[in-house]
Amino acid sequence: MDTAIVIENLSKKYKNNRGIGDINLKVGRGEIFGLLGPNGSGKTTAMKIMVGLMKADAGDVIISGFSVLTAYEQAMKNVGCMIEKIVPFPYLTAYENMRLRSRFYNSLDDKQIDKTLDITGLLKYRNEKIKNYSLGMKQRLGIAMAFLSNPNILILDEPFNGLDVEGMFQMRKLITNLSKDKDTTFFISSHLIHDIELICDKVGILYDGRLLAVKDTKDILRDYSSLENYYLSEVDVNGAS
Amino acid sequence: MELLKAAYKNEIMKILNRKKPVILMALSVVFVLGAMSGVYLLNSFSGIRVTGSSEFSIMVLSILIYSLFPLFTIFICVDMFAGEFADQTIKITLTSPASRLKVFLSKILAAATLILGNLYFVMIISAISSAIINRNFPNLLRIFASYTMAFMPIFVFALVIALISIISKGTTSAFMISIFIFLLLNGLSLVFPNIRSFLFTSNFDWYRLVLGSYINFSKILRVLLILLGYSIMLTAGGCYLFERKDI
C-alpha cells in the first residue's frame with residue numbers, strides 16, 4: 001500500500017514537561033487511521049505539528065512525500081484539516097468563510113461551496129453570520145471547510161465533538177464512503193472509542209505523549225471483545241512504563 | 001504567487017467586513033468636514049485667513065498623521081495579528097496551503113493597501129473641501145506627493161505593531177503597547193533631539209520636505225533609505241517570529 005503520511009521521531013515538549021515524545025507512524029493511502037488517547041495525551045499536539053500550526057522540537061512529518069517543515073505548500077496542497085474546535089470568522093457568513101478557503105484552489109467555484117454546505121446540512125444557513133451559529137453548526141462548518149477542496153488526505157481532530165446523533169452518523173458515513181470510493185486517507189483523533197471502532201481500519205494508542213501501540217482494527221477485534229478492552233489492556237501493560 | 005494573491009484577497013475581505021476601519025474612516029470624514037467648517041467660518045467672518053488653497057489638505061494631514069492615521073493603523077494591525085491569534089481564527093488561514101511567509105506578507109500588503117487607501121481617501125475629501133473653502137483648486141501634485149510620502153513612516157509603524165501583535169498575548173496588551181511605543185518614541189525625539197534622526201516617528205512629517213520652495217532631494221533620499229531600512233528589518237523580524245509562533 002502507498003504511504004500517505006509518515007511521522008518520524010516526532011517530539012515536542014511544553015514548559016510543563018508534557019507533550020509528545022519520539023512518535024513514529026505510517027498511514028497508508030485510503031486508510032482510516034484513528035488516534036486514541038485520553039485528554040492531554042498529546043493527540044492535538046501531534047496533529048497541530050502535522051498541519052504546521054506548531055513546530056516540533058525534533059522529527060518530521062512527511063505528507064504525500066513532502067516534509068511539512070521544508071516543503072509545506074506541496075505537503076498541504078491536497079490536505080484538508082480541522083484541528084480542535086473550528087473558529088470561523090464570526091463577522092463573516094458561512095459562504096464567506098468557505099470563500100476564504102476556496103480562493104486557494106483555482107478549481108473551486110461557488111457550486112462546490114454550495115455542494116459541500118449541502119452535504120453538511122448548512123446550505124440554508126449559507127448567508128447567515130457565524131456569530132448566530134450554534135456550536136454544532138460551527139463544527140459542521142469546520143468539517144465543510146476541511147472537505148471543500150476534495151482533498152486526498154483529511155486530518156481531523158475530534159471531528160465528532162459537538163455533533164448530534166444524526167450528525168455523528170452522517171459524519172461516519174461520509175468518512176467511510178470517501179475512503180472506499182475516492183481512496184481518501186483519514187487521520188482522525190478522538191477519545192470516543194465507539195466511533196473509532198466503527199470507522200477506523202487501524203488504531204494507534206497515544207498515552208502520556210507516547211505511542212503505545214498501532215494495530216489493525218480487525219486484528220484487535222479478533223483478539224479482544226472490543227476496542228475498549230484492547231485500549232485498557234494496552235494502557236495497563238505499557239502505559240505505566 | 002497565486003497563493004499570495006489568494007491570501008491577500010482574503011485579508012482585504014476580512015478587514016472590509018469589520019466595523020472598526022469603517023468607523024475610523026467615517027471619523028476622518030467628520031474631522032475633515034469639521035475642520036472645513038471651522039476654517040470657512042474663520043476665513044469668511046473673522047477676516048483671519050487660516051489656510052491657503054493647498055494648505056488646508058496639508059493642515060489636515062499634519063493633524064491626522066499624529067492622531068487618526070496611527071490609530072487606524074493600530075486597529076487594523078492588532079485585529080489582523082493579535083486579534084486572530086487570540087480568538088484562534090488564524091487557524092483557518094494557517095491551515096491553508098499557503099506558507100506562513102506568504103500569509104505574513106499578505107497581511108502586511110493588505111495593511112499597506114488600507115493605510116494608503118485611507119490616506120488617499122482623506123486626501124480627496126480634504127482637496128475637495130479646500131477647493132470649496134478657497135474657491136480655487138489647490139496644488140494637487142504637491143498634496144498628492146505629501147500624502148504619498150506620509151505613507152512610508154505609517155507603514156513602518158504598521159510593521160512595528162505587527163511585530164508587537166505577534167509577540168503579545170492578547171489584543172488589549174498589543175493595543176496598549178503599540179500606543180505606548182508611539183508615545184515613547186515621539187517623547188524620546190523631543191527629550192533627546194540628537195537621536196531624532198534614528199527614530200522613524202520623527203520622520204512622520206518628512207512630507208514637509210516637498211512643501212518648501214526649495215526641495216532638498218538628498219535629504220529626501222536619506223530619509224527614504226532610513227525608512228526602507230526600517231521596513232526591511234521589521235519585515236524580516238516579523239516574518240521570523242510569525243514563522244515560529246505556535247498556535
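**View 1. H6(B) crosses H9(B) in the right-handed sense.** The near helix is turned clockwise from the far one by less than a right angle. This is a predicted model; local features need pLDDT of at least 70, side-chain atom pairs count only at pLDDT 80 or more, and totals for chains, interfaces and linings use all residues. Residues are numbered from 1 along each chain as written, chains are lettered from A in written order, and side-chain values use heavy atoms, without hydrogens and water. H6 spans residues 100-134 of chain B and H9 residues 217-244 of chain B. Helices are DSSP runs (H or I, at least four residues), numbered from the N terminus. The two axes come within 9 Å and cross at roughly 130°. Axes are lines fitted to C-alpha atoms over the stretch in contact; angles run from 0 to 180 degrees between N-to-C directions.

**View 2. Residues at the contact of H6(B) with H9(B).** H6(B) contributes Arg100(B), Leu101(B), Val103(B), Phe104(B), Leu105(B) and Lys107(B). H9(B) contributes Thr235(B), Gly238(B), Cys239(B), Phe242(B) and Glu243(B). Contact means heavy atoms within 4.5 Å. By class, six residues are nonpolar, two polar and three charged.

**View 3. Cys81(A) is in no disulfide.** A disulfide is a pair of cysteine sulfur atoms within 2.5 Å. The count over all chains is zero. For Cys81(A), the nearest cysteine sulfur belongs to Cys200(A), 17 Å away.

**View 4. Cys77(B) is in no disulfide either.** The nearest cysteine sulfur, 14 Å away, is that of Cys239(B). Cys77(B) is buried, at 1% relative accessibility.

Conventions
Helix = DSSP H or I, 4+ residues; strand = E, 2+ residues; numbered from the N terminus. Nonpolar A, V, L, I, M, F, W, Y, C, P; charged D, E, K, R; others polar. Buried < 20%, exposed > 50% of the residue type's maximum accessible area, 1.4 Å probe, protein only.
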